[in-house]
Amino acid sequence: MKPTRVVNAIRSLRFAHGEMTQAELARRIGVTRQTVIAIEQGRYSPSLELAFQIAGVFGTPLTDVFQYPSDQEEAL
């Protein structure tokens with residue numbers, strides 16, 4: 001599995017929402033805790049549907065959860 005360039009704020013969002021556990025987030029979006037860990041660590045990109053579900057759990061726009069850095073930003 002190729003690592004993704006997509007970065008995310010899932011860990012900080014979990015802590016901002018009552019220190020939600022990875023297991024609780026997994027339960028709410030219907031995946032395993034291992035899947036949440038892989039997404040959080042950038043080892044796996046969720047499907048678009050799953051990405052929207054994650055954003056929905058936190059009540060935040062998709063772009064507040066996931067970002068795709070451009071080559072310009074990486075050069076900084």
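The exercises below work through a predicted model of one protein chain, each with a solution in steps.

Residues are numbered from 1 along each chain as its sequence is written, and side-chain values use heavy atoms, with hydrogens and water left out.

**Exercise 1. The order of elements**

Task: Find how many helices and strands the chain has, and in which order the elements run.

Solution: Helices (H or I, at least four residues) and strands (E, at least two) are DSSP runs, numbered from the N terminus. By this rule the chain has six helices and two strands. Read from the N terminus on, the elements follow the order β-α-α-α-α-α-β-α. As for burial, 33% of the 76 residues of the chain count as buried, where buried means under 20% relative accessible area, exposed means over 50%, and partly exposed lies in between (1.4 Å probe, protein chains only).

**Exercise 2. Helix α3 and what covers it**

Task: State which residues of helix α3 are buried, and name elements that cover the buried residues.

Solution: Helix α3 spans residues 33-40, and in this helix Val 36, Ile 37, Ala 38, Ile 39 and Glu 40 are buried. The cover over the buried residues of α3 includes β1 (7-8), α1 (10-16), α2 (22-29), α4 (48-58) and β2 (66-67), judged by contact, which is defined as heavy atoms within 4.5 Å. Thr 35 is also found in helix α3, but Thr 35 counts as partly exposed because its relative accessibility is 22%. Just after α3, Gly 42 takes a positive phi of about 75°.

**Exercise 3. The nonpolar core**

Task: Determine how many residues the largest nonpolar core has, and which helix gives the most to this core.

Solution: A nonpolar core is a set of buried Ala, Val, Leu, Ile, Met, Phe, Trp, Tyr and Cys residues joined through side-chain atoms within 4.5 Å. The largest one has 16 residues, and those with the most contacts inside it are Ile 10, Leu 25, Ile 29, Ile 54, Phe 58, Val 65 and Phe 66. At least two residues of this core come from each of α1, α2, α3 and α4, and α4 gives the most, with six residues.

**Exercise 4. Two salt bridges**

Task: Locate the salt bridges of the structure, and say how many a search of the whole structure finds.

Solution: A salt bridge is a side-chain nitrogen of Lys or Arg within 4 Å of a carboxyl oxygen of Asp or Glu. The search of the whole structure finds two.

- The side chains of Arg 14 and Glu 40 meet in a salt bridge at 2.7 Å, N to O. This pair links distant parts of the chain, with Arg 14 in helix α1 and Glu 40 in helix α3, 26 residues apart. Arg 14 is buried, with a relative accessible area of 6%, and Glu 40 counts as buried at 16%.
- Glu 24 forms a salt bridge with Arg 27, and the closest N and O atoms are 2.9 Å apart. Glu 24 and Arg 27 are separated by about one helical turn because they lie three residues apart in helix α2. Glu 24 is partly exposed at 27% relative accessibility, whereas Arg 27 is exposed at 58%.

**Exercise 5. The crossing of α2 and α4**

Task: Describe at roughly what angle the axes of α2 and α4 cross, and which residues meet there.

Solution: Axes are lines fitted to C-alpha atoms, for helices over the stretch in contact, and angles run from 0 to 180 degrees between N-to-C directions. The axes of α2 and α4 come within 10 Å and cross at roughly 120°. On the α2 side Leu 25, Arg 28 and Ile 29 take part, and they meet Leu 50, Gln 53, Ile 54, Val 57 and Phe 58 in α4.

Terms used
This is a predicted model: local features need pLDDT of at least 70, side-chain atom pairs count only at pLDDT 80 or more; totals for chains, interfaces and linings use all residues.
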